[in-house]
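These are my notebook entries on one structure. I looked up the ligand site first, then some strands, helices and loops.

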Amino acid sequence: NTLISLKNIAKVYRSQNVETYALKNIDLEINQGDYICISGPSGCGKSTLLSLLGLLDSPTEGQYFIKNVDTNTLDMDQQAELRNLHIGFIFQSFNLIDELSVFDNVALPLTYREPAMSQADIQSAVKHALDEVEMGHRAQHKPNQLSGGQQQRIAIARALAGKPSILLVDEPTGNLDSKNGDAVMDLLDALNQKGTTICMVTHDLRYAGRATTQLKLLDGEIISYSQARQDTHTEN
Ligand code: ADP
Ligand code: ADP
């Protein structure tokens, strides 16, 4: 059940007369329920790949399909709509708004949905998402009253509340100690077990091993791709 398909994607940055291929020859399919881990040295293109997948940036070459929609054919507004519908982001820095309660942080992206969601639907989606990360009892707290691990769980609830097709996760444990990091990774594992599709960038090999698909980048190219639990393995 193909969710995302990248065909011969390249991303070129040009500054002065220098061209940098941040990504090249990227062919990738992500199916519903996949748990992909992207790793590779600094500068290999991990952030660029997540940005393209999240429709935060466009490829220089190639095609990107989400549920068979060719994203090249969409204008900025249509891309934003598709992003709101399908993509949930989780960052290293939790990116919560300190002035808003936990509840309002999770609700915020839902207030931008087109067509607009009713207040009742927003309330129940937020409540459900907070329950999923076991933070329902902290709904009226402010982010700075919570530990880093709890803040990341709120950020995960915010991503889940919109029922995204895929979670794009960038170094989720980078700002956490190992205990909180383990708890956040356990939560992501549990979400994947329940069917959530995850594409994660992490340097931490202990966590990378939990994903079902390992994708390694070097100098903008996929140098290895292996699916652990499906028991197939290819390298090129
Ligand atoms: P990673 O996330 O793996 O560290 P990036 O995707 O950030 O790698 O970067 C891949 C390559 O593209 C690097 O050589 C980086 O310097 C370059 N790059 C990334 N963003 C830009 C940009 N906005 N302008 C110019 N070069 C960039
Ligand atoms: P990380 O690997 O920890 O994600 P990066 O070094 O890739 O951090 O940088 C994060 C962001 O900074 C990238 O997504 C990119 O947009 C920007 N960036 C990276 N390299 C360059 C560059 N050479 N010139 C301009 N922007 C860059």
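Predicted model: local features only at pLDDT ≥ 70, side-chain atom pairs only at ≥ 80, totals over all residues.

**Entry 1: the ligand.** Residues are numbered from 1 along each chain as its sequence is written, chains are lettered from A and ligands numbered from 1 in the order in which they are written, and side-chain values use heavy atoms, with hydrogens and water left out.

An oxygen atom of ligand 1 is 2.5 Å from an N or O atom in the side chain of Ser47. For the side chain of Thr48, the distance from an N or O atom to an oxygen atom of the ligand is 2.6 Å. Cys44 takes part through a polar backbone atom, 3.2 Å from an oxygen atom of ligand 1. The protein covers 60% of the 560 Å² of accessible area that ligand 1 has on its own. Such areas come from the Shrake-Rupley method with a 1.4 Å probe; for residues, only the protein chains shown count as cover.

**Entry 2: strand β3.** Is β3 (residues 35-39) enclosed or open? Five of its five residues are buried, so the strand is largely enclosed by the rest of the structure. Buried means under 20% relative accessible area, exposed over 50%, and partly exposed in between (1.4 Å probe, protein chains only).

I checked the side chains too: Tyr35, Cys37 and Ser39 point one way from β3, and Ile36 and Ile38 the other way. In a regular strand the side chains alternate between the two faces of the sheet.

Two strands pair if DSSP finds at least two bridges between them. β3 pairs in the parallel sense with β8 (residues 197-201) over four bridges, and Ile38 stands opposite Val201 there. With β9 (residues 213-218), β3 also pairs in the parallel sense over four bridges; here the partner of Ile36 is Thr213.

I stayed with β9 for Leu215, which is buried at 0% relative accessible area. Leu215 and Gln227 are twelve residues apart in sequence and 8.8 Å apart in space, C-alpha to C-alpha.

**Entry 3: two helices.** The expected span of a helix is 1.5 Å times one less than its number of residues. Helix α5 (residues 148-161) has 14 residues and reaches 20 Å from its first C-alpha to its last, close to the 20 Å expected. I found 13 of the 14 residues of α5 buried, so this helix is largely enclosed by the rest of the structure. For α6, 16 residues should span 22 Å, and the end C-alpha atoms are 22 Å apart, which agrees. Among the buried residues of α6 are Val184, Leu188 and Leu191.

**Entry 4: backbone exceptions.** Most residues other than glycine have a negative phi, and most peptide bonds are trans. Gln16 has a positive phi of about 50° and lies in the loop between β1 (2-15) and β2. Glu171 has a positive phi of about 45°, in the loop between β7 (166-170) and α6 (178-193).

Which of the two is buried and which exposed? Gln16 counts as exposed at 78% relative accessibility, whereas Glu171 is buried at 10%.

Just after α5, Lys163 takes a positive phi of about 50°. A cis peptide bond joins Glu114 and Pro115, with omega about -10°. Pro115 is in the loop between α3 (102-107) and α4 (119-132).

Technical notes. Helix = DSSP H or I, 4+ residues; strand = E, 2+ residues; numbered from the N terminus. Polar contact = N/O pair within 3.5 Å; in protein donor to acceptor, adjacent residues only side chain to side chain.
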